[in-house]
Amino acid sequence: MRLLNRSAGRLSRHRRGPIAGLVVLLLGLLLTGGLYAAFAPAQADSAASQEELVKEGRELFLVGCAFCHGQNGEGVLTQSGDQYGPALTDVGAASVDFQVGTGRMPMSTPGNQAQRKEVVYSDAEIAALSAYVASLGTGPAIPDAEMYDPATLSDEEYDEYVTRGGQIFLANCTACHNFEGSGGAMPRGGFAPKIRGVDPKHIYEAMLTGPQSMDTFSDGNIPPDDKKAIIAYLDTLNEQPSYGGLTLGGLGPVSEGLIAWLVGMGGLVAFAVWIAAQTTRTSKKKDGADA
Amino acid sequence: MKTSDVASTNGSEPATPKRGAKTAGAVATWADDRLGLAKATKGLSLRKVFPDHWSFMLGEIALWSFVVLLLTGVFLTLFFDPSMAEVTYNGSYDPLRGVEMSRAMASTLEISFDVRGGLLMRQMHHWAAMIFIAAMMIHLLRVYLTGAFRKPREINWIIGCLLLLLGTIEGFTGYSLPDDLLSGTGVRAADGFMKASPVIGTYMSFFLFGGEFPGDQIIPRFYAIHILLIPGILLALITAHLILVVYHKHTQWPGPGKTEENVVGPPLMPIYMAKAGGFFFIVFGMTALLGGLFSLNPVWKYGPYDPSKVTAGSQPDWYMGWPDGLLRIIPPWETHIFGVTLSWNIMLPILIAPPLLLMVLIALPFLESWITGDKREHHLLQRPRNAPTRTAVMAALITFYGLSWAAGGNDIIAIKLHLSINQITYFLRGAVIIGPILAFIITRRWCISLQRHDEAKLLHGYETGVIVRSPDGGYAEKHLPISEEAAYVLTARDREEVYSPNGTSDDSGVAAPGGRRAAIAGKVRGKLSALMFADNVQKPTAEELHESQHHAEHELHELEHQISAGPNKHGPSSDH
């Protein structure tokens, strides 16, 4: 504090100096310019950068995606007429953000369902790819944080959203994703993935775009507010303590039965063996002679 | 001899009962005069002997977990409200506050979150139920595989089978009570099963639910069944089961001094009492541990039952898993006749298979005694290998059970092992039929080769691990005779004879009494008896044993001679 006072004192000595006015003027201009740059609605500028983003996205697309999805995202058919990579002309930015942002794309091995894995592209690259694919046609845009992030809710709102969201979740999602969002099986090796611990943005985008075998839950089907409520409920499932103890994967009675047999019965039979081995000394000696 | 070895006191007065002992004696006399306890408990002596073997304590796990069920169950009844009246939940679990649910569900949540120790009690009750039935099954396997079901214990076998059935129903009615999404789905499935029975299906369903599903009757009705009707029957049957154990006396493994006429082991008081009593606390501790550490049926996550909702991974508790599995893998077989649909795909796995398997289970002792013609009493157990066909039958049944059971978790297997649920289903459709057959053949041959091994041990002794090199460079392992005690155990079994139906008609062609039907039955019995015994290895005769003993002595002698003579002086006999 004293140091600060002293340096302020030193500065103030120059306040009546010959170039003081000039310095203040320069500082003022710098500040206004900087603030303007930061806050200005730079439409002309943004359009240019959007164009640049699309261009950058196209370059990335040609390298990483075109092999399966076609050079213009028109899709590729196999010789037998099967879809090799689907057309991306009307999937929208949200779909790309979900697929690439969760590491499902680019697909590492062709299978009946893309697996979630480590994300290959950086955030900026994903933004560029999304912008490029969005430019190919229609489709939902990447949602804003306030649409999906339960952190934007007040405490009272949050409770209300969680209760409502839980019921919507149980009515629409648990049939495939299980009551705890642990996932479930779908026909022919497909599966509804685990959705506990998934980024709220990606959950929102999944509902919006219906990736893989998932249904599309359009805004007419589940309004944006209800989508946010579902995410808030999943957020509580993540956050709340595990009241009953270890959740055993949240898979329901199968893992519970496994524990009952392996830990419960296994342990008790081991105890039975132990108790039967603890016997009067005479017969113990006899046992020893037996062996 | 020192006086201290004879008496621990040098007092001059004779010993008299102390005051405390006198009062205790007086109380006992008072009670005995009025209740006749001494006379009543005379047959049920506290010096009852109980043989020692770990496998004899498996039934006790079931008994003690039943006691845990009674204790925790009483606690739960204090707070559970078996009503289907709609209420708005207002308890302390936030995510469900304001949701409409039945009072049953609301009170289950209250037990879980607002009653002190309630969640622990709920989870202990549920874990104990799962262990109760698991222990009954393991106990059943022990009794079957050791031949403990034979005369005079057939009635107790039937009681045991009924206990298993009742325990399963008790479990089902129990886990249906909370009226959460999972249990409601199970009740809905049960409703469907009932409706699948031809003609009477809908009537049964309407009768049970008091109208159309779900109605508002099913929870109170299940509650009455769960806490009153079935526990009463269970308690009565368990008592009968135990009284019969006391009356028949416990079976024991054969060994020196252990015969069909005696029971060798520590007395009930105090050794066995300490063990059994201690085991109760271990079972209690295990259920408490499970209840405290592992979440079981988190109803707050399932939410209240609503017919429009369902969750992936909706399975019954493990003991209902195998019919559920059969239901999952059965092809869609249906017959349409006179405008009525017969759903074989539901009737076969749910309405026919479980009762059929229970019938088979109950019939097993009687079937066996008919084939063997053995009507004697048996108190000495058999090793599973010495009844290869019996053991193989159980292996086949268990394989069928296990594969059906696995089918009940096909979705979890699919997602956890990254398999296709369809392929699992196709595989299991074949496996539930081929698997038991393979298990039967493999187990039977396995047992027989174990019998051969026993025979080799009796006749040629055990492998010593001593390798002897002969002068011409060959190596042979020395065998030494097993101890007399071990030999006794190995030979303490009956020689089996294949039943031959030749007795049905005598040499002059006169038919035996009973006519053709008896002749056919005799033929079938002969075939089954051959299947049961023909390939078994019978124990060696006394002469064979004597001969092998001489041989062994000779060999031992030779070995000693070799050792004393130094290396490579004389070769060992190489006759085996």
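Select the buried residues of α15(B) and look at what covers them: the cover includes β3 (184-185), β4 (191-192) and α12 (253-277) from chain A, along with α12 (321-329), α14 (388-408) and α16 (421-460) from chain B. Helices (H or I, at least four residues) and strands (E, at least two) are DSSP runs, numbered from the N terminus. This is a predicted model, where local features need pLDDT of at least 70 and side-chain atom pairs count only at pLDDT 80 or more, while totals for chains, interfaces and linings use all residues. Residues are numbered from 1 along each chain as its sequence is written, with chains lettered from A and ligands numbered from 1 in the order in which they are written.

Which residues of α15 (410-417) are buried? Pick Asn410(B), Asp411(B), Ile412(B), Ala414(B) and Ile415(B); buried takes 20 or more other C-beta atoms within 10 Å, exposed 12 or fewer, partly exposed anything in between, with C-beta atoms placed from the backbone. After the helix comes His418(B), with a positive phi near 55°.

Five bridges tie β5(B) to the antiparallel β6(B), residues 475-480 (strands pair if DSSP finds at least two bridges between them). One pair to click is Val468(B) with Ala476(B). In this hairpin, five residues sit between the strands, and Gly473(B) has a positive phi near 95°.

Last stop, chain A: pick His69(A) in helix α4. His69(A) counts as buried because 23 other C-beta atoms lie within 10 Å.

Technical notes:
Contact = placed C-beta atoms within 7 Å.
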